[in-house]
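Subject: Structure handover

Hi,

Here is the structure I promised to pass on. Please open it alongside this message.

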Amino acid sequence: MLTAVLLFGTAGCAPATPPSPATPDSECDLLRAELAKANAELEKLKAQLESARAEITTAKAASLEDLLRHRRSVRDYADAPLTRDEVMKLLWAAQGITRAWGGRTAPSAGALYPLELYVAVGNVVDLSPGVYKYHPRENKLTLVKEGDVRTALALASLGQRSVADGAIDIVIAAVYERTMVKYGARGERYVHIEVGHAAQNICLQAVALGLGLVTIGAFQDSAVAKIIGMSPDEAPLYVIPVGRLE
Ligand SMILES: Cc1cc2nc3c(=O)[nH]c(=O)nc-3n(C[C@H](O)[C@H](O)[C@H](O)COP(=O)(O)O)c2cc1C
């Protein structure tokens, strides 16, 4: 059925009302629905192909030295979507769990892990637009709020276009108290050092995946926190738009 719809489209169906005399209306609706489904499937396959191409390109040159050499801030992106798998790989690179006791990809003062990761999804084939929170222990996402917030985030980031244009925006927040309860005022410094570790991991993973990103520090904290739907003890430290290379 799907192949037939792809090959023949909905020929014989009137574009809208009134109903076509050639094909009964209900059959046309069915064909249109099948066509929409087939198109969505095609988009997904295209994105997977893009992703595989990008990985092949970088796999050829994936030594750490090469990743470091190729890392660059990228502020313009292709329109093509990311895949959910790519999003998860970026988040895992930042804060993924790598030891049974809870050790993560990035170091953390006193292993107190003050960072929280959010992702504002706009253009990902198998993730609907919305804000999601990353849970390192389960390596999974939970929905915080539905809807595309990239434009709002861009406005809160002094109108920086890259924030609206990225397929996603990763937002790194910190709960300072988690670290400062042990280290006092010096804990603030530790949290800022840690966000750099996590962001650099994302940078290198993006190069490995053949994606582009820029790490953004210029934004209004309270506006970003509100748009993302952060809890009151979380403060945003970085906004990182990521997209496919042009
Ligand atoms: C803490 C920090 C904040 C930054 N904030 C922004 C920003 O708000 N907007 C932006 O376009 N780039 C931002 N950048 C990226 C720098 O402009 C970029 O790293 C620099 O120009 C060097 O280029 P490169 O990353 O390609 O080596 C930031 C980088 C850092 C480390």
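Predicted model: local features only at pLDDT ≥ 70, side-chain atom pairs only at ≥ 80, totals over all residues.

Ligand site

The residues around the ligand are Arg71, Arg72, Ser73, Arg75, Gln160, Val214, Thr215, Ile216, Gly217, Ala218 and Tyr238. By class, that shell has four nonpolar, four polar and three charged residues.

A polar side-chain atom of Ser73 sits 2.5 Å from a ligand oxygen. For Arg75, an N or O atom of the side chain is 2.7 Å from an oxygen of the ligand. Ala218 uses its backbone instead: a polar atom there is 3.2 Å from a ligand oxygen. On its own, the ligand exposes 620 Å², and the protein buries 54% of that.

Nonpolar cores

In soluble globular proteins, nonpolar side chains tend to be buried together. Here the largest nonpolar core has 33 residues. Leu90, Val119, Ile168, Ile170, Ile172 and Val242 touch the most other members. At least two residues each come from helix H4 (84-95), strand S1 (115-121), strand S2 (130-135), strand S4 (168-174), helix H8 (186-209), strand S5 (211-213) and strand S6 (235-244). H8 gives the most, with eight residues.

Take Val242. Beyond its neighbours within four places in sequence, Val242 is in contact with Tyr77, Leu82, Leu90, Gly166, Ala167, Ile168, Ile170, Leu211, Gly212 and Leu213. Another core, of 20 residues, lies apart from the largest one. Its members include Tyr77, Ala154, Ala156 and Val239.

Two single residues

Is Thr179 buried or exposed? Its relative accessibility is 0%, so Thr179 counts as buried. Thr179 lies in helix H7 (residues 176-183). Leaving out residues up to four places away in sequence, Thr179 touches Leu112, Pro114, Gly187, Tyr190 and Val191.

Glu246 is in the segment after S6. Glu246 counts as exposed because its relative accessibility is 75%, and the cut-off for exposed is over 50%. With residues up to four places away in sequence left out, Glu246 touches Asp76, Tyr77 and Ala78. Glu246 and Val74 are 172 residues apart in sequence, yet their C-alpha atoms are 9.9 Å apart in space.

Best wishes

Terms used
Residues numbered from 1 in each chain as written. Heavy atoms only, no water. Near = heavy atom within 4 Å. Polar contact = N/O pair within 3.5 Å; in protein donor to acceptor, adjacent residues only side chain to side chain. Areas by Shrake-Rupley, 256 points an atom, 1.4 Å probe, with all protein chains shown as cover. Nonpolar A, V, L, I, M, F, W, Y, C, P; charged D, E, K, R; others polar. Core = buried A, V, L, I, M, F, W, Y, C linked by side-chain atoms within 4.5 Å. Buried < 20%, exposed > 50% of the residue type's maximum accessible area, 1.4 Å probe, protein only. Helix = DSSP H or I, 4+ residues; strand = E, 2+ residues; numbered from the N terminus. Contact = heavy atoms within 4.5 Å.
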